[in-house]
Amino acid sequence: MGPAPAWLPPFNTALIGISGVFLVIGLAFIRRKQVAAHRASMLTATAFAALFLVVYVARYLLYVPKHFEGEGALATFYYTLLGSHMLLAVLQAPLIVVVLVLALRGRFARHRQLARIAVPIWLYVVVTGWIVYGLLYRAP
């Protein structure tokens, strides 16, 4: 078991980034009452998030994980950010499924209530995922 191919971490990170882009697009659509476009965007965001998860788990199982090499305050920042990112990512996954199921079943009042919790968490996970990637793979 060796390191992941160089293209795999940025590819995986791009998947969650694309998910975040479609999430924001979906929010813009629903604010304009464009329900069909909102639904399509949110399903696309969910599909890319799910694909990210599949690739991430496969990468973790097939390759040696990369370890952060920074020290001092940067390491403290990295591990604090990583911890919050991981915790919220784990909590977010079932929440997204519930929000999606509520919408597909037409229970829009409850969907809206939970989406107001899920969306900021999802955006936080996307943004912190990019920061973690940058610190792990791009920081000097």
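Four helices, H1 (8-31), H2 (35-62), H3 (72-104) and H4 (108-138), each put at least two residues into the lining of the largest pocket. Helices here are DSSP runs of H or I with at least four residues, numbered from the N terminus. This is a predicted model, where local features need pLDDT of at least 70, side-chain atom pairs count only at pLDDT 80 or more, and totals for chains, interfaces and linings use all residues. Residue numbers start from 1 along each chain as its sequence is written, and side-chain values use heavy atoms, with hydrogens and water left out.

**Largest pocket**
- A pocket is an open set of points on a 1 Å grid over the protein atoms alone, where a 1.4 Å probe fits, with protein on both sides within 12 Å along at least five of seven lines; lining residues have an atom within 4 Å of a point.
- Its volume, the space filled by probe spheres set on the points, is about 1200 Å³.
- Of its 41 lining residues, Asn-12, Phe-52, Tyr-56, Arg-59 and His-85 come closest to the centre.
- H3 is the top contributor to this lining, with 11 residues.
- By class, the lining has 31 nonpolar, seven polar and three charged residues; Ala, Val, Leu, Ile, Met, Phe, Trp, Tyr, Cys and Pro count as nonpolar, Asp, Glu, Lys and Arg as charged, and the others, Gly among them, as polar.

**Second largest pocket**
- This one holds about 620 Å³ of space.
- It has 23 lining residues, with Ile-30, His-38, His-111, Arg-112 and Ala-115 nearest its centre.
- The lining splits into 16 nonpolar, three polar and four charged residues.
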